[in-house]
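Me: I have a structure open and would like to go through it piece by piece. Can you take my questions as they come?

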Amino acid sequence: MATTLALPRSATAPAPLAHKAPALRHLGPNWYAAVMGTAIIANAGASLPYQLPGQRVACQLFWALSAAALAVLLTARAGHWIHHRDQARAHLLDPAVAPFYGCLSMALLAVGAGTLTVGKDLIGTGPAVAADTVLFTAGTATGLLIAVAVPYLMVVRHKVEPHQATPVWLLPVVAPMVSAAVGPLLIPHLPAGQPREALLLTCYAMFGISLLATLLMLPLVFGRLIVSGPLPLALTPALFLVLGPLGQSTTAVNQLADMAPQSIGAPYAGAFGAFAVVYGVPVMGFALLWLALSAAMLVRAARRGMGFAMTWWALTFPVGTCVTGAAALARHTGLTAFAWLAAALFLALVTAWLLAAAHTLRGLASGRLLAAPR
């Protein structure tokens, strides 16, 4: 069951190159979600208003783990494209798999942000800035490409019907929002004037790209739930993916507001600061509503025998974006309630990561997660 959600039906067909690197044949782009879910713990933990002894070191360890996992996965996915190109193309043409290509961009961006947030303590500020610049550039370019390419394929090549709509469809269009949220980290390292203003407004443009695209997709997802009923059990954790654009957009507007005074003049700097709260508070409210609905559906699925699938990683990164969003609102409003909310969500994030990581390692050890779908 763990792999049937991430692989096309055509994956079972034999291929001339299937004997080369067979372990990589069924390695889909959904695996980048594990990197995202690991990196967000480092980023979210560093942003919390409350810092415990050893918390910074733990965040550094999670960043190092995410960076190592990203390097391994990039290598493995390159091998997948080299030795199993037929399967890779089949993934792109499968509407259940193609949206996961958005995870590649977000994995690059999340690890890059962690490099500049906590990794700099280990490798130095200069190398961290250089590494994040490369990862941010690659992740943003990839994200913008996927945000166009996957919807294009959905329109002209994929055969989908309304009852097939799932929150997975949001993955390609959320990636630019991640760029908007982590791009501000690089602004202080740019020369004052035009370079800073250009990056600031570029991040706002990507915020708009992702927000408006999400507003187009989300009604399809919610309408499918109302009309067709709950998602299949193994897909139920994917409901948490809706939290991604909500929490990430709240994080983005607050991060950009922090950088506005040193990037753009009045009256825009002040307006961006006000917008961060005026936008962030209502969106965080809706995120909590969706979180409650998703948690209720998750409990329902668990009672009906939901087993482990790679969709469990949807319980990590989206929740982590709500942690960073709540922490940013706590910083801008001064409300203790947001600080407590960030801390509570972080505990839920760590719990979800432990469960997903343990089952993933077990599945890898048994070979089940990389086996052909049943």
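Me: Is Pro 172 buried or exposed?
Reply: Pro 172 counts as buried because its relative accessibility is 1%. Buried means under 20% relative accessible area, exposed means over 50%, and partly exposed is in between, using a 1.4 Å probe and protein chains only. This is a predicted model, where local features need pLDDT of at least 70, side-chain atom pairs count only at pLDDT 80 or more, and totals for chains, interfaces and linings use all residues. Residues are numbered from 1 along each chain as its sequence is written, and side-chain values use heavy atoms, with hydrogens and water left out.

Me: Where does Pro 172 lie?
Reply: Pro 172 lies in helix 6, residues 171-182. Helices (H or I, at least four residues) and strands (E, at least two) are DSSP runs, numbered from the N terminus.

Me: And what is Pro 172 in contact with, leaving aside neighbours within four places in sequence?
Reply: Pro 99, Gly 102, Gly 143, Ile 146, Ala 147 and Val 150. Contact means heavy atoms within 4.5 Å.

Me: How confident is the prediction, in pLDDT?
Reply: The protein chain averages a pLDDT of 92, and 94% of the residues score at least 70. pLDDT is the predictor's confidence in each residue, from 0 to 100.

Me: Which residues have a pLDDT below 50?
Reply: Residues 1-18 do. That stretch has 50 contacts in the model beyond near neighbours in sequence. Where pLDDT is low, the predicted coordinates should not be read in detail.

Me: OK, overall fold. How many helices and strands?
Reply: The protein chain has eleven helices and zero strands.

Me: Why is the chain called as compact as a globular protein of that length?
Reply: Its radius of gyration is 20 Å, close to the 21 Å that the globule rule gives for 374 residues, so the chain is as compact as a globular protein of that length. The radius is taken over C-alpha atoms, and the globule rule is 2.2 Å times the number of residues to the power 0.38. Along its principal axes the C-alpha trace spans about 60 × 45 × 45 Å.

Me: How much of the chain is buried?
Reply: Buried residues make up 54% of the 374. As for contacts between residues at least 6 apart in sequence, 84% join residues at least 24 apart.

Me: Switching to rings. How many aromatic pairs are there?
Reply: The count comes to nine. Rings of Phe, Tyr and Trp (its six-membered ring) pair if their centres lie within 6.5 Å; planes under 30 degrees apart count as stacked, over 60 as edge-to-face and the rest as tilted. One of the pairs, Tyr 204 and Phe 272, is stacked, at 4.3 Å centre to centre and 25° between the planes.

Me: Which helices does that pair link?
Reply: Tyr 204 is in helix 7 (residues 194-228) and Phe 272 in helix 9 (residues 268-303), so the pair links distant parts of the chain, 68 residues apart. Tyr 204 is buried at 13% relative accessible area, and Phe 272 is buried at 17%.

Me: What about Phe 286 and Trp 290?
Reply: They form a tilted pair, 6.3 Å centre to centre with 45° between the planes. Both lie in helix 9, four residues apart, about one turn of the helix. Phe 286 is partly exposed at 31%, whereas Trp 290 is buried at 4%.

Me: Last one. Which residues does the cis peptide bond join?
Reply: Ala 266 and Pro 267, with omega about 0°. Pro 267 is in the loop between helix 8 (243-259) and helix 9.
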